[in-house]
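Please find below a colleague's note on this structure.

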Amino acid sequence: MMRFIRSISFALSMALCSSPLAVQASSESASDLAQIEIQGLKSAGAARLQEMVAQPASASETDVKFSTAWVDSQPKAEGNAELQCLAEALYFEARGETVKGQFAVAEVIMNRVKSARFPGTLCGVINQGTGRKYQCQFTYTCDGYKEVINEPRAFARVSKVARAIIDGSAPKLTNGATHYHTTAVNPNWAHVYTKTARIGQHLFYRHTWKTASN
């Protein structure tokens, strides 16, 4: 508010100085002008003055909460085939997990999309190796069973998780993990890769890629 008052005072002073009559302005006139200025500011009211000097609020993304209440409060997830692929992967791979666990699994899939070592789309990553024995990356795509969504409410929830991951609004959880497995199994690669997190019933790993330089 002081900045606002000073700017008005400065403008009035400049107006007086630029006028040929400025040299004739008495201290009483300046005092009168100051009083008028103060009265004008007072008449605006404290609330209005606060609006005038306050910094505009920045629009920030809604903070993701790892709870079913937060997920349920989100609008219905809408999107293209990429959203559908990720939502289906979460449904068949992680619908029994906590919300945080579902976000973590979705993050791994997105990490693969961003890596040059995997296909560059969500559908490509999820369906990589499908149809080749022991080559599929996600078991549900090659376990011999038809993918049927029997729990529409659960699917609606994981779709919202998928939407948040695609939008990039969720905080990172897995420290760059590109692989995961449940605690019920112990794959050979788990002894070679770097474990980055444990969330719910899943352990997460980052591949220790071998290159010519090492």
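How are α6 and α8 oriented to each other? The first numbered point after the notes on the model gives the answer.

The model is predicted, with local features requiring pLDDT of at least 70 and side-chain atom pairs counting only at pLDDT 80 or more, whereas totals for chains, interfaces and linings use all residues. Residues are numbered from 1 along each chain as its sequence is written, and side-chain values use heavy atoms, with hydrogens and water left out.

1. The axes of α6 and α8 come within 10 Å and cross at roughly 45°; α6 and α8 are therefore oblique to each other. Helices (H or I, at least four residues) and strands (E, at least two) are DSSP runs numbered from the N terminus. Axes are lines fitted to C-alpha atoms, for helices over the stretch in contact, and angles run from 0 to 180 degrees between N-to-C directions. Angles under 35 degrees count as roughly parallel, over 145 as roughly antiparallel, 65 to 115 as roughly perpendicular and the rest as oblique.

2. Gln102, Phe103, Ala106, Glu107 and Met110 of α6 make the contact with Val158, Val161, Ala164, Ile165 and Ile166 of α8, where contact means heavy atoms within 4.5 Å. By class there are eight nonpolar residues, one polar and one charged (nonpolar: Ala, Val, Leu, Ile, Met, Phe, Trp, Tyr, Cys and Pro; charged: Asp, Glu, Lys and Arg; polar: the others, Gly among them).

3. Helix α5 (residues 81-94) packs on helix α8 (residues 152-167) at an angle of about 125°, the axes being 8 Å apart. This pair, α5 and α8, is therefore oblique, and α5 passes α8 in a right-handed crossing. Among the contact residues are Leu83, Leu86 and Tyr91 of α5 and Phe155, Val158 and Ile165 of α8. The contact of α5 with α8 has 12 nonpolar, two polar and three charged residues.

4. For α5 and α6, the axes come within 10 Å and cross at roughly 130°, and the crossing is right-handed. On the α5 side, Leu86, Ala89, Leu90 and Ala94 meet Gln102, Val105, Ala106 and Ile109 of α6. The residues of this contact divide into seven nonpolar, one polar and no charged.

5. There are nine aromatic pairs, with rings of Phe, Tyr and Trp (its six-membered ring) pairing if their centres lie within 6.5 Å; planes under 30 degrees apart count as stacked, over 60 as edge-to-face and the rest as tilted. The rings of Phe66 and Phe103 have centres 5.2 Å apart and planes at 70°, so the pair is edge-to-face. Phe66 lies in the loop between α3 (46-53) and α4 (68-73) and Phe103 in helix α6 (residues 99-114), so the pair ties together parts that are 37 residues apart in sequence.

6. An open sheet of three strands has the order β1-β3-β2, with antiparallel pairing (two strands pair if DSSP finds at least two bridges between them). Strands β1 (179-182) and β2 (194-199) are at the edges, each with a single partner strand, so one side of each has no neighbour in the sheet. Neighbouring strands are turned by 25° against each other on average, direction ignored.

7. Four bridges join β1 and β3 (residues 202-206), and Tyr180 has Phe204 of β3 as its bridge partner. Between β2 and β3 there are five bridges; Ile199 is partnered by His202 of β3. Their hairpin has two residues between the strands, and Gly200 takes a positive phi near 60° there.

Methods. Left-handed = near helix turned anticlockwise from the far one by under 90°.
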